[in-house]
Protein chains: 2
Amino acid sequence: MPLLVVGSLALDTVETPFGKVEEAVGGSAVYFSIAASFFTDVRVVGVVGRDFPFKYIDKLSDRGIDTKGIKIKDGKTFRWKGSYDYDLNQAKTIETHLNVFSGFNPEMPEEYLDSEYVFLGNIHPELQLQVLSQMKSAKFIACDTMNYWIEKEKGKLINVFKKVNMVVINESEVRQLSGESNIIIAAKKIASYGPSAVIIKRGEYGAMLFTNNRIFLIPGYPLETVFDPTGAGDSFAGGFMGYLSNCMSFNEEVLRQAVVVGSVVASFDVEDFSINRLLELDYSRINERLKQFKNLVEFKEIK
Amino acid sequence: MPLLVVGSLALDTVETPFGKVEEAVGGSAVYFSIAASFFTDVRVVGVVGRDFPFKYIDKLSDRGIDTKGIKIKDGKTFRWKGSYDYDLNQAKTIETHLNVFSGFNPEMPEEYLDSEYVFLGNIHPELQLQVLSQMKSAKFIACDTMNYWIEKEKGKLINVFKKVNMVVINESEVRQLSGESNIIIAAKKIASYGPSAVIIKRGEYGAMLFTNNRIFLIPGYPLETVFDPTGAGDSFAGGFMGYLSNCMSFNEEVLRQAVVVGSVVASFDVEDFSINRLLELDYSRINERLKQFKNLVEFKEIK
């Protein structure tokens, strides 16, 4: 089943203790679509300025990603500048320039309207609602967000949550939004708005899936080299949704597997700056790490 | 197989966002021995002052814990005062009064010398070495430590590590000791000193077992109510070592199960102040949570 993503395409300047990149290709829709493309057909809706390095859109197309929904507008591409400390779990935003993204109006190409799996990347909740109103055929919709929208547009964001099947959110955001320090209580509060599944991303500590009062927990795949966590959340979501849409199902068993897949795909992303590692990846490497992951967490029943 | 623990018996004054206790019974040997007593026979070596509430020593004895090795000395019992913020992962020490513990000289009762499983709680590395030199029959020795000894007695501590089978250490301590921010590299460095297993405790995020270049990772058991993390590390170690000594084996399979057992036992400890929750616990509740834990982390293989 084709999977639709609406999100940003960006030029990121990122500094970590292990190096720096300037104006490297990034953005939620870019990370998401590459991560998902290992599993399913992906359609992208977003906007770039005339300064975007178009060969990267070709790279997406070459992977079979449908880029018809990427608009090119006069002006500059969205830019983000951030840094990470040794504690790679938290990004520090230094600068954000919305540029062409400030006037972003997510119009769906006609042929995208039948998308059954939809991911609403981290954009203004107003725009997320606008996309939602167009997706009449959607069977499973997930959304992401960020601290900025929780602070500025909490009401609208909760309206989005009421209309989606799943919310993907990180640990500090779920605490901020719910006003609860305990993450189970916080997850329950998000679930009470409507989504039948809530995923809490915990960086190197893995992820929690909360469904119908059931909890699934995994640790993060352990890595000796973490260069740049940028895009890890979107790579997680891409792997997750890609796997789900390929399975054409979203029962507990498939959701759990999808969390593992998302986590493993994200573990590759952080091994290099920008989308470098994802672009050189192939499915056999993902599959190998999925097997390693199983071995990492496996134990015999205790009688 | 009887399991020997050498550690502290203390009176703790603890404040968390959820309440406060004053001069409550605690200490590594106390938490450890109760946690281990669900699985095996335990022998305790430690020291208390005349002000220790002796009915608690009776409570240990009533559980079948051998308390012959607890010396009663003229003077006051070791006292610790600490607090925790909403981030319950890190204790803040407000006061430490060693009192009778400052002159602690761990002499083994004759009948303890045949102990095959030994846990060296967080005491001066010099004392840990002194215990080690007496335990000629030991088959599996594990040790704990803390930031204070890493800072003040690193050389002696590494000497301890050279002589034990396993080191149990928390995430910030392993970083401090190794000078490495990445915990896999940090764990490898600890392993290079000699122990064949290293366990890194990650608080609510679970634990990592590192053996012979194999990694086992589990998330923490998710709890809606966490009142007081004091003793969680020692309860983990007690559950772990208790299970191990009962299995009379320490291959990879058993070590992995023991990590799960330790984690589950520790999850009870934090649900109340002091040793309250551990004292009211029975094996069927532990067993029930072990089954829940299995369900929490289980997923079908991904093809």
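**Ground rules**

I number residues from 1 along each chain as its sequence is written, and chains are lettered from A, with ligands numbered from 1, in the order in which they are written. Since I am reading a predicted model, local features need pLDDT of at least 70 and side-chain atom pairs count only at pLDDT 80 or more, while totals for chains, interfaces and linings use all residues.

**Confidence**

I started with pLDDT, the predictor's confidence in each residue, from 0 to 100. The mean for chain A is 95, and 100% of its residues reach 70 or more. For the model I noted ipTM 0.94 and pTM 0.96.

**Where the chains meet**

I looked up contacts next, with two residues in contact if their C-beta atoms, placed from the backbone, lie within 7 Å. I found 27 residues of chain B in contact with 27 residues of chain A. On the chain B side, two or more residues each come from α7 (183-192), β13 (214-218), α9 (252-269) and α11 (283-297). My helices (H or I, at least four residues) and strands (E, at least two) are DSSP runs, numbered from the N terminus. The most come from α9(B), with 5 residues.

I then sorted this side of chain B by class and got 17 nonpolar, 4 polar and 6 charged residues.

**Symmetry**

I superposed the copies by least squares on the C-alpha atoms of residues with pLDDT of at least 70 in both. Chain B goes onto chain A by a rotation of 180 degrees with 0.0 Å of shift along the axis, at RMSD 0.0 Å. The two copies are therefore related as by a two-fold rotation axis. In chain B, the C-alpha nearest that axis belongs to B:Pro219, 2.7 Å away from it. I also saw that 100% of the interface residues of chain B are interface residues in chain A too, so the copies meet through the same surface.

**The nine-stranded sheet of chain A**

I traced 9 strands in an open sheet of mixed pairing, ordered β5-β4-β1-β8-β9-β10-β11-β12-β13; strands pair if DSSP finds at least two bridges between them. At the edges I have β5 (66-73) and β13 (214-218) of chain A, each pairing on one side only.

I stayed a while with β10(A). β9 (residues 140-143) and β10 (residues 166-170) of chain A are parallel partners over 2 bridges, and A:Ala142 stands opposite A:Met166. β10(A) also pairs in the parallel sense with β11 (residues 197-201) of chain A, over 5 bridges, where A:Met166 faces A:Ala197.

**The four-stranded sheet of chain A**

Here I followed 4 strands in the order β3-β2-β6-β7, again open and mixed. β3 (19-26) and β7 (91-97) of chain A each have a single partner strand, so one side of each lacks a neighbour in the sheet. Inside, β2 (residues 10-16) and β6 (residues 78-84) of chain A run parallel, joined by 6 bridges. A:Val14 stands opposite A:Gly82 in β6(A).

Notes: Nonpolar A, V, L, I, M, F, W, Y, C, P; charged D, E, K, R; others polar.
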